[in-house]
Amino acid sequence: MRVLYFGTYDRDYPRNAQVISCLRGAGAEVVEQHVSVWEPRRDTWAAGVASAVRVGVSELRLLRRPKGFDVLIVGYPGHFDMPAARRAARGKPVVFNPLVSLYDTLVGDRHRFRARSFAARTLLAVDRRAFRGADLVVADTHAHAEFLAGLAGIPCAKIEVCLVGAEERIFRPGWRPEEPFTALFVGKLIPLHGVDTILEAARLAPELRLRIVGSGQLDALLDGRPENVEWVRWAEYEALPRELDRAGCALGIFGTSAKAQRVIPNKAYQALACGVPLVTGDTPAARELLVDGESALLVVPGDAEALVAALRRLAGDPELARHLSGGGLYTYQQRASEEVLGRRWVEVLERALGEKQRR
């Protein structure tokens, strides 16, 4: 099978790099037709005239005709690429790997635009056009798939689910926690992650150390951080395994938005792949993969006291930490490894190809 990975997708973003790696590992030939828009930016979702101009120019560059392929995948974020993808496909199946809804991310979760504003209505229209224009959409969880189907008004049968996983060239087992026990948060400082809950937990448990690696929309929250919180604004992607391997545990997401209920973040898979004990919100999406007390500790989202209780429990029970390390790694290997997801992606593409040929 020859796969064309297409669009203005962010080459550096884990979802794209990992899907390409999984497919190649499963024996598929993957070629890329890529126009760079997002890679130099730490905040992919920065909105404005300059972003719109970059996207518009890039869409024109995507009009060149690609060489032979069997199926085309539009990578993340590729919502604006769908018209160009349909032209490039010339009757071949188009599979959309969106990861998110633009409307849900920028309006529902990050509150960049008011729900009834012109910008919000435009994003919703772009979402619906993109999802409806694909032959098949791939979501990251079943909870997210159900939401996207309702948002776009498409049948649930048009959406397949492939978990996110982790890039195994970077994230491999190697957990060797250092003293004192430190809870590690890695990621953008956005509402989805529940940074406010993490900081409140730090205030409630001054004896615990927390290390936050990342920056973003909510940087101002860190200005008044308690003394037991260390803030590192940026770390190179390849340096993240070292951060994980020495941590007492990794923190997932604790936001209370609707989107937070539907997704499992990259950093959760990365922690599991490294064998690092994971503490994250107890959500429908998390329950699709994780079992509380076996592969992770799941706490009520937005509940700082519940997070404190979980962290104190882990810090005081090395045997529990080792149990979660092994259980999380086993879950990753059985459900979300590159080998497992490579086979899953091939199944999805074969379905799209078969349905297109029968029409």
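Guide: Phe-96 and Phe-131 are both buried. Buried means under 20% relative accessible area; exposed is over 50%, and partly exposed lies in between (1.4 Å probe, protein chains only). This is a predicted model, where local features need pLDDT of at least 70, side-chain atom pairs count only at pLDDT 80 or more, and totals for chains, interfaces and linings use all residues. Residues are numbered from 1 along each chain as its sequence is written, and side-chain values use heavy atoms, with hydrogens and water left out.

Now the ring pairs. The structure holds 4 aromatic pairs. Rings of Phe, Tyr and Trp (its six-membered ring) pair if their centres lie within 6.5 Å; planes under 30 degrees apart are stacked, over 60 edge-to-face, and the rest tilted. One of the pairs is Tyr-13 with Tyr-76: the ring centres are 4.7 Å apart and the planes sit at 55°, so this pair is tilted. Tyr-76 is buried, at 3% relative accessibility. Phe-96 and Phe-131 also pair: their centres are 5.7 Å apart and their planes meet at 40°, so the pair is tilted. This pair links distant parts of the chain, with Phe-96 in strand 4 (residues 94-96) and Phe-131 in helix 5, 35 residues apart. Helices (H or I, at least four residues) and strands (E, at least two) are DSSP runs, numbered from the N terminus.

Stay on helix 5. It spans residues 118-133 and also holds Asp-127. Asp-127 is buried, yet has no salt bridge. A salt bridge is a side-chain nitrogen of Lys or Arg within 4 Å of a carboxyl oxygen of Asp or Glu. The nearest side chain of opposite charge is Arg-128, 7.7 Å away. Lys and Arg count as positive, Asp and Glu as negative; His and the chain ends are not counted. A polar atom of the Asp-127 side chain does lie 2.9 Å from the backbone nitrogen of Leu-102. Asp-127 touches residues including His-79, Ser-101, Leu-102 and Leu-151, leaving aside those up to four places away in sequence. Contact means heavy atoms within 4.5 Å.

Last, the cores. The largest nonpolar core has 69 residues, and Phe-171 and Ile-212 are among those touching the most other members. Apart from that core lies another, of 28 residues, and Phe-131 is one of them. A nonpolar core is a set of buried Ala, Val, Leu, Ile, Met, Phe, Trp, Tyr and Cys residues joined through side-chain atoms within 4.5 Å.

Notes. Polar contact = N/O pair within 3.5 Å; in protein donor to acceptor, adjacent residues only side chain to side chain.
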